[in-house]
Amino acid sequence: MACDLILVLDAPSPRDVMPALRQLQGTVRWVKVGLEMFTANGPDCVRQIADLGFNVFLDLKLYDIPNTVAKAVASVSQLPIRMLTLHTSGGREMMTWALKAQQEHAPDLQLLGVTVLTSSSATTLSETGVNDSPENQVRRLGRLAVDCGLTGLVCSPLELAPLRQTLPPDITLVTPGIRPANAKADDQTRIMTPGEAAAAGANFLVVGRPVFKAPNPVAAARAILAEVAV
């Protein structure tokens, strides 16, 4: 399956990544703005990056009472973003309210459900009261999210095949925990190479450090894209 690359902007400010972003224009189409940059700079950082021509995936992992999450979705829908995350563990009512707000305020915005973080293991889940494997918990939360109406999920590459077997084929799967061969795992525990994740059914690969820390970020991004092209 052909898939696209989402470049993670793990930095305090857009100016920290702006030189690399300008180099990557025309090679990378998608970027991910996460909590670090958004909390430090607010909505303006999203606008600055979108102005460069990138599609913005805003990864805030919203998780609160249904009314608060719905209002947050309504607020960020005014920004030039294409994807937004929320935690599926917030439950049916929270996801339903979030979807209602998205459909009312930003029909073209895709909400993505976060299942189990790629840094989590069976031990992590057990310590928080979930006595099941990450794979089973991902299946459970994925089915719930799709039943609520979400059209996309974030999952580790190791859950790609189980979700493809369980969920409708048109569900978008966005996959962090991607490391090219010989790259460091860093803080990810459930990882695959780009080619392996694409073959398992990913639609988008989320990659940060292997591109930004490479001697030549453009060459690193092109190598990943070439590996997953069909």
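What is the mean pLDDT of the protein, and what share of its residues reach 70 or more? The mean is 91, and 94% of the residues reach 70 or more; pLDDT is the predictor's confidence in each residue, from 0 to 100. Over residues 185-189, however, the pLDDT is below 50, and beyond near neighbours in sequence this stretch has 14 contacts in the model, a contact meaning heavy atoms within 4.5 Å.

This is a predicted model, in which local features need pLDDT of at least 70 and side-chain atom pairs count only at pLDDT 80 or more, while totals for chains, interfaces and linings use all residues. Residues are numbered from 1 along each chain as its sequence is written, and side-chain values use heavy atoms, with hydrogens and water left out.

I begin with the sheet. Here 8 strands close into a barrel, in the order β1-β2-β3-β4-β5-β6-β7-β8, with parallel pairing. On average, neighbouring strands of this sheet are turned by 25° against each other, direction ignored. Helices (H or I, at least four residues) and strands (E, at least two) are DSSP runs, numbered from the N terminus, and two strands pair if DSSP finds at least two bridges between them. T175 has L205 in β8 as its bridge partner.

Next, the helices on the sheet. Helix α4 (residues 66-76) touches β3 (55-62) and β4 (83-87), and its direction makes about 160° with that of β3. Axes are lines fitted to C-alpha atoms, for helices over the stretch in contact, and angles run from 0 to 180 degrees between N-to-C directions. Helix α5 (residues 92-105) lies across β3, β4 and β5 (110-114), running at about 160° to β4.

How do these helices meet one another? The axes of α4 and α5 come within 8 Å and cross at roughly 25°. That makes α4 roughly parallel to α5, the term for angles under 35 degrees. Residues P66, N67, V69, A70, V73 and A74 in α4 meet E93, M94, W97, A98, A101, Q102 and H105 in α5. The residues of this contact divide into 9 nonpolar, 3 polar and 1 charged; Ala, Val, Leu, Ile, Met, Phe, Trp, Tyr, Cys and Pro count as nonpolar, Asp, Glu, Lys and Arg as charged, and the others, Gly among them, as polar.

Finally, the axes of α5 and helix α7 (residues 134-148) come within 9 Å and cross at roughly 40°.

Note on methods:
Parallel < 35°, antiparallel > 145°, perpendicular 65-115°, else oblique.
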